[in-house]
Every structure is written in structure tokens, then in C-alpha cells.
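Let's go through a few labels for this model and check what backs each one up.

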Amino acid sequence: MAHLHSLLSLSFPTAPTLSHSHIHTSSTQPWPPPSLLAAPAATSSRCLLPHRQDFSLSVLLFSFHSEMPRRLSAHLPPLPQPQRLAAGLFLQPGLKLAKEDIKELLKTKFCHPLLVRLGWHDSGTFNKNIDEWPQRGGANGSLRFEIELKHAANAGLVNALKLIQPIKDKYSGVTYADLFQLASASAVEEAGGPKIPMKYGRVDVSAPEQCPEEGRLPDAGPPSPADHLREVFYRMGLNDKEIVALSGAHTLGRSRPERSGWGKPETKYTKDGPGAPGGQSWTAQWLKFDNSYFKDIKEKRDEDLLVLPTDAALFEDPSFKVFAEKYADDQEAFFNDYAEAHAKLSNLGAKFDPPEGIVIDDGPSQPVPEKFVAAKYSSGKRELSDSMKQKIRAEYQAIGGSPDKPLQSNYFLNIIIVIAVLAILTSLFGN
Ligand code: HEM
């Protein structure tokens with residue numbers, strides 16, 4: 001009965017408002033429940049999702065008891081709306097808070113690679129030859145719908161959604177489209193990668209009918225990998241440099257045969273996790289974002305490291321090779337190009353509200369050079385003694401100044417003129 005009452009209060013906006021103290025006292029169960037997280041990826045989308053298209057609703061029903069306290073927070077005063085700071089610059093407090101929660105999630109679940117793949121698979125459906133939104137695909141949150149999660153290329157991504165759904169529930173003003181991209185960019189940054197110049201304000205699609213058709217994402221083993229990469233990425237409006245830089249995201253994560261069909265069930269680098277053990281990684285330290293992906297593919301020395309046909313193409317195709325070689329030699333060049341390409345990828349197909357986007361005020365993307373302060377570089381004690389301060393004050397007051405009445409600037413001018421006249425007279429009469 002108590003649950004029925006709670007259900008009613010959740011369903012109708014006129015339900016009695018509960019105080020914070022009511023809400024916190026009953027929050028005991030963790031979310032997501034371990035049983036949900038432990039579900040094998042390949043089967044979870046079929047077994048766990050009821051016959052509903054909107055995954056968020058499915059999770060809500062599934063998690064009704066454990067999520068109750070958080071759901072009730074929907075009745076608390078809403079989070080502040082985006083504020084305009086200056087022309088073209090908005091601040092969304094919910095986004096910043098959501099980013100902090102994502103960072104906490106990363107610390108406990110080590111899901112950096114999965115979240116990067118989530119962001120990429122939402123935006124990578126973009127077709128630049130279609131003008132209309134959302135038919136053109138791209139970063140519009142459509143990947144939350146079961147119909148798209150079930151596309152073969154998205155195997156396993158239902159787990160990413162389960163992980164971030166509680167954050168979406170907490171900051172309901174943040175769209176799925178933004179949250180996917182926020183999670184991906186934060187994961188890269190937290191794994192040691194570059195800071196990505198992101199903007200937010202993406203509008204969500206609202207129904208599964210608005211999802212793109214299957215087949216817009218790349219295959220890992222097509223007959224002609226370089227041609228295939230160009231076909232898919234050019235359709236998104238990306239170029240050769242961006243294809244190579246973005247492929248460098250495989251410095252993170254693993255491929256699992258039970259998801260994509262690629263990779264070994266486990267290797268010496270993956271058998272102990274962190275996170276769910278198993279799969280084959282492209283790099284030895286697969287939770288660290290660096291340029292080792294390019295170094296390792298170039299060397300191809302370790303049987304335990306994965307090289308997909310599309311990865312190998314980066315060192316075989318003459319145009320791709322120029323960039324792949326450069327990134328293997330120069331991590332800074334890779335980071336710069338990756339950050340730029342990732343930001344571009346995250347905006348593909350997106351409709352922004354406000355049109356200029358929203359920035360998260362969490363510091364500049366590049367460290368700002370320290371302001372030059374001469375005093376910092378001078379040596380010795382510069383503080384005046386008290387007696388000297390008194391003397392100066394007395395002289396200052398003698399010529400009409402006072403602490404609350406600043407001296408007029410022409411007093412100084414007069415003094416300088418008097419001194420100059422005296423100096424001239426002295427030199428004239430002195431001779
Ligand atoms: C160039 C064409 C690409 C192909 C053919 C490709 C293919 C794949 C495949 C087969 C997997 C393994 C999935 C699994 O079994 O769980 C994978 C994982 C991954 N991909 Fe890609 N990918 C491509 C581009 C990208 C791009 C552009 C990004 C990001 C910017 C990206 C990020 C990732 C990440 C981070 C993982 C690891 C996921 C995890 O460990 O759970 N990929 N990709």
C-alpha cells in the first residue's frame with residue numbers, strides 16, 4: 001500500500017511535496033543493483049528490457065524500490081536554468097554537477113572506454129547529406145532507445161546507459177545527448193587525455209521512430225578497410241586527419257568476442273580487469289589515454305594486443321600513414337588533433353538550444369600563462385619601516401594630501417616644475 005501511495009505521488013505533479021529529510025532517511029540501497037551490472041552484455045538488452053522503447057522508463061520500472069528516494073527529488077525545486085553570462089556564453093549548473101558525478105562513477109567503475117564508445121556511437125550516425133533534424137542522425141540522444149541499442153554495432157552499450165541513467169535522473173534538465181557527450185569527453189580527460197573544447201545544449205529526440213536506421217557506423221573488417229573508413233567518415237564530414245586522430249581513442253578499452261565478434265576472450269592485460277575482466281585491448285595500459293595505440297600498431301609485436309583491419313589500414317594507406325606516423329612519434333600533436341576532432345565529432349548533427357551552445361565553466365582548455373608581476377622577480381625586502389611610512393605621510397599631508405583625500409595630480413606637477421626651475425637657477429648662478 002505504501003508503495004502504491006508512492007507510485008501515485010510520482011505519477012502526478014500535484015502530489016504532496018516531501019521534505020529533504022523524508023527523502024534521505026530511506027536511501028539505503030545502491031544503484032544500479034549489482035545483479036543488473038553483472039548481467040552479460042550480449043543478453044542484457046534482450047532479457048532486462050521490458051517491451052518498452054524508452055530505456056529510461058524501463059530502468060525506472062525495474063529499479064522502482066531502490067530508486068524511490070531519488071525519484072522523489074523530482075518534486076523538489078528544479079535546478080537553476082542556464083544563465084547567460086555574456087554574449088554567446090551560458091552556464092548550466094546541472095551540467096557541471098553531472099560532470100562531477102561522472103568523475104565519481106569513473107573512479108569506481110573504470111568505465112572510461114565504454115563511455116567514450118557511447119558518445120561516439122550516438123554522434124557517429126550523422127549524415128551530412130541530410131539537412132533535416134533528426135533524420136540526419138548525430139548527437140541527439142537517440143541511442144537511449146532500445147531499437148538503436150539493439151543495432152549490432154552497439155552491442156554492450158546498454159551497460160553504459162545503465163551506469164549513467166541515475167545521473168540523468170538526478171539532473172533531469174541535462175539532455176541524454178549532452179550527457180552522452182559529457183560522459184565521453186570527461187572519460188578521455190580523466191584517463192589522462194587532452195581537455196576537449198566542448199559545448200552543450202544538445203536537444204534530444206523524443207521517440208524511437210526518430211532513431212537512424214542500422215548500418216551507419218563503421219565495420220571493423222570490411223573488404224577494403226581504408227575505402228570503407230573514408231566512405232563512413234566522409235559522410236560525417238570528417239577528413240583523413242580526423243579519421244586517424246579519432247581512431248586513437250582505441251588507446252582505451254577492449255574488444256570482446258561476445259559483443260562485436262572481434263578480439264580474444266582474454267589476454268594477460270585483461271584477465272584481471274579492472275572492471276569486468278576479459279576481452280582484448282589495443283594497448284597494455286588500456287585505461288590510460290596516450291599515443292601508445294599508434295606505437296603498438298606500428299610495432300605489431302605483441303600477440304596479446306589487438307589490431308583490427310581498420311586499425312591496420314592507418315599504417316597501410318599512404319594518406320592515413322602520414323598522420324599515424326606523426327602521432328606515434330609525437331603525443332602532443334596527437335592530443336591537439338584528437339581534442340579538436342573529438343569536439344567536432346561530439347557536435348555532429350546536434351541541434352543546440354541556445355543555438356550558440358552552453359559552456360561548462362570549469363577552467364580554460366589550455367593553461368593560461370601566469371601574469372607577469374615584476375615584484376615577484378625582484379629580490380630583497382621591499383616593505384617600508386614604520387618610521388619611514390610616518391615621514392612620508394607627514395610630507396604628504398604638509399602639501400595638502402590626506403588618507404581620505406587623494407592628492408590632486410597637479411601638486412606633483414607643480415613640485416616637479418619647482419624642482420626643475422631650482423635646478424636651472426642653481427646651475428646658472430653656480431657658474
Ligand atoms: C574507425 C572505425 C572504428 C571501428 C571499425 C571501431 C570498431 C570497434 C570495435 C569492433 C570495438 C569493440 C567493441 C566490443 O567488442 O565491445 C570498439 C571498441 C571501442 N571503440 Fe571503436 N571503432 C572505430 C572508431 C572509433 C572511434 C572514432 C572511437 C572514439 C572516438 C572509438 C572508441 C572505441 C572505444 C573507446 C572502444 C572500447 C570500448 C570498451 O572497452 O568497452 N572507436 N571499436
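Q: What makes the crossing of α10 past α11 right-handed or left-handed?
A: α10 passes α11 in a right-handed crossing. A crossing is right-handed if the near helix is turned clockwise from the far one by less than a right angle, and left-handed if anticlockwise. Bear in mind that this is a predicted model, where local features need pLDDT of at least 70, side-chain atom pairs count only at pLDDT 80 or more, and totals for chains, interfaces and linings use all residues. Residues are numbered from 1 along each chain as its sequence is written.

Q: Which residues make that contact?
A: I164, I167 and K168 come from α10, while Y176, L179 and A183 come from α11. Contact here means C-beta atoms, placed from the backbone, within 7 Å.

Q: Why are α10 and α11 called oblique to each other?
A: The helices pack at an angle of about 125 degrees, with axes 11 Å apart. Angles under 35 degrees count as roughly parallel, over 145 as roughly antiparallel, 65 to 115 as roughly perpendicular and the rest as oblique. The pair is therefore oblique.

Q: Why does D311 count as buried?
A: D311 has 20 C-beta neighbours inside 10 Å, so D311 counts as buried. The label takes 20 or more other C-beta atoms within 10 Å; 12 or fewer is exposed, and in between is partly exposed, with C-beta atoms placed from the backbone.

Q: Where is D311, and what is D311 in contact with beyond four places in sequence?
A: D311 sits in helix α15 (residues 309–316). Its contacts, leaving aside neighbours within four places, are S247, H250, W282 and I297.

Notes:
Helix = DSSP H or I, 4+ residues; strand = E, 2+ residues; numbered from the N terminus. Contact = placed C-beta atoms within 7 Å. Axes fitted to C-alpha atoms, helices over the stretch in contact; angles between N-to-C directions.
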